[in-house]
Amino acid sequence: QLQLVESGGGLVQSGGSLRLSCLASGGTLDFYAIGWFRQAPGKEREGVGCIISSGGYANYEASVKGRFTISRDNAKNTVYLQMNSLKPEDTAVYSCAAVDPDVRSNYRCSSAILPAAGRYDYWGQGTQVTVSS
């Protein structure tokens, strides 16, 4: 029943910034932990980061740590992915995903290895991010 819609993707030059949004409907966002994933052509889906349902903690893949920031605004039912210092290697389709930790008790955002895609139950359609050299 929960639906997620990403927006904010586009074309940006290397070193530039974009902010992606993940708007949730059909449920209350603060019940869910959120993950961000990306998939480049010919490559496997890669976890970017995650944020716990309370918003007090976020975890990131090493290659984006310090450049990307996940935040949430429960009043707007929206999670954001702020991307700074973008590189051509960041070019991919970015998707958000949600999981209710009370339902999926084995979910852990606070781990050295980010939760895999299979840990999430709800997915958005994705938004394209293209970073030019």
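Author: Arg67 is buried, with a relative accessible area of 10%; buried means under 20% relative accessible area, exposed over 50%, and partly exposed in between (1.4 Å probe, protein chains only). This is a predicted model, in which local features need pLDDT of at least 70 and side-chain atom pairs count only at pLDDT 80 or more, while totals for chains, interfaces and linings use all residues. Residues are numbered from 1 along each chain as its sequence is written, and side-chain values use heavy atoms, with hydrogens and water left out.

You will find Arg67 in the loop between β6 (58-60) and β7 (68-73); strands here are DSSP runs (E, at least two residues), numbered from the N terminus. Leaving aside neighbours within four places in sequence, Arg67 is in contact (heavy atoms within 4.5 Å) with Gln82, Met83, Asn84, Ser85, Leu86, Lys87 and Asp90. Of these, Ser85 has its backbone oxygen 2.9 Å from a polar atom of the Arg67 side chain.

With Asp90, Arg67 forms a salt bridge, the closest N and O atoms being 2.8 Å apart. Asp90 lies in the loop between β8 (78-83) and β9 (92-99), so the pair ties together parts that are 23 residues apart in sequence. A salt bridge here is a side-chain nitrogen of Lys or Arg within 4 Å of a carboxyl oxygen of Asp or Glu. Asp90 is buried too, at 2%.

Arg38 is buried at 7% relative accessibility, whereas Glu46 is partly exposed at 30%.

Technical notes. Helices (H or I, at least four residues) and strands (E, at least two) are DSSP runs, numbered from the N terminus. A polar contact is a pair of N or O atoms within 3.5 Å; within protein, one must be able to donate a hydrogen and the other to accept it, and residues adjacent in sequence count only if both atoms are side-chain atoms.
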